[in-house]
Amino acid sequence: METTTARPWRAPRFWLFLQVLARGVVGLLARLRVSGDVPDELRHGPLILAANHINPFDPVVLTAACRVRRIAPRIMATGGVFRAPVVGAAMRASGHIRVDRRTPSVGVALEQAAAAVTRGSVVLVYPEGRIGLDPGMWPERGKTGTARLAFASGATVVPVAQWGAHEVLPYTAPAGMLRAVARAILRRPVIRVHFGPPVDLAGIDPTSPGAAARATEKIIEALTVALVPLRPDEPGLPRHVDATRPTETRRQHRRSRPDGSTS
């Protein structure tokens, strides 16, 4: 996609306020630890942040972490969020991008995101396309939307791994939320977010067959690598078990080992 002369997007003040608010909320419920960063020249875009999705609370966590790193991303979020009475209005006022999954308009969202990135925005996406259901809470096989967005915009992809949000809210939130929040205030679990190095997609020809699938694999693998040091004592199953969270193995990602083999 060619560079446009349109005016670069600027984060609304309301969105910047919500980032500050998110930082306070996370600080009340947990201890946030942010590591890694993005190159200074990409801090205000064009940039794609690709994050793992483990819990309903992690969008708040990522909002707070981006505030710490002085980044104000536009978030690609499911249409259901935009239909919510209060949250939906806040999402629209903040300039986020609606994705109506499994509908013909999903392609429109990708076009809007590509245009936004090309004009200099930072866009945050969840390559898995949902809260992951891997039994070990590792990244699942991704959808190709993030790769296609990178190809369409030519923007750098930075993996953002996060761990610990599942200790604050249950999978079924808002059901069970009050008890979980009270427990989190008392325990204040550690939540870690890591901005990893950019994903190298240079060797993939976007016009070649299967290019989006190969790029998606690289993005998910980079996310997995970035997540490993955030949970050193939990290489298999997580210690904190959320009884409300379903699991499935249908979309498990085969992780690479240090010797290059897969697991």
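**Ground rules.** I'm looking at a predicted model, where local features need pLDDT of at least 70, side-chain atom pairs count only at pLDDT 80 or more, and totals for chains, interfaces and linings use all residues. Residues are numbered from 1 along each chain as its sequence is written, and side-chain values use heavy atoms, with hydrogens and water left out.

**Helix 4.** I started with helix 4, residues 85-94. Helices here are DSSP runs of H or I with at least four residues, strands are runs of E with at least two, and both are numbered from the N terminus. I looked up which residues are buried (under 20% relative accessible area; exposed is over 50%, partly exposed in between, with a 1.4 Å probe and protein chains only). Gly88, Met91 and Ser94 are buried. Seen down the axis, the buried residues of helix 4 fall within an arc of 130°, so they line one face; the arc is taken from the directions from the helix axis to the C-beta atoms. An α-helix has 3.6 residues a turn, so residues three or four places apart point the same way. Pro85 and Val86 are exposed, on the face turned away from the buried side. The cover over the buried residues includes helix 1 (13-29), strand 3 (74-78) and helix 3 (79-83). Just after helix 4, Gly95 has a positive phi of about 85°.

**Cores.** Next I checked the nonpolar cores, meaning sets of buried Ala, Val, Leu, Ile, Met, Phe, Trp, Tyr and Cys joined through side-chain atoms within 4.5 Å. The largest has 36 residues, and Leu49, Phe57, Val61, Val168, Val193 and Phe195 touch the most other members. Among the elements that each supply at least two residues of this core are helix 1, strand 3 and strand 7 (190-195). A second, separate core of 26 residues includes Ile48, Leu110, Ala114 and Ala150.

**Ser121.** Is Ser121 buried or exposed? Ser121 is buried, with a relative accessible area of 2%. I found Ser121 in the loop between helix 5 (106-118) and strand 5. Setting aside neighbours within four places in sequence, its contacts (heavy atoms within 4.5 Å) are Trp9, Gly45, Pro46, Leu47, Arg74 and Ala116.

**Lining classes.** Last, I looked at the lining of the largest cavity, which has five nonpolar, three polar and two charged residues. Ala, Val, Leu, Ile, Met, Phe, Trp, Tyr, Cys and Pro count as nonpolar, Asp, Glu, Lys and Arg as charged, and the others, Gly among them, as polar.
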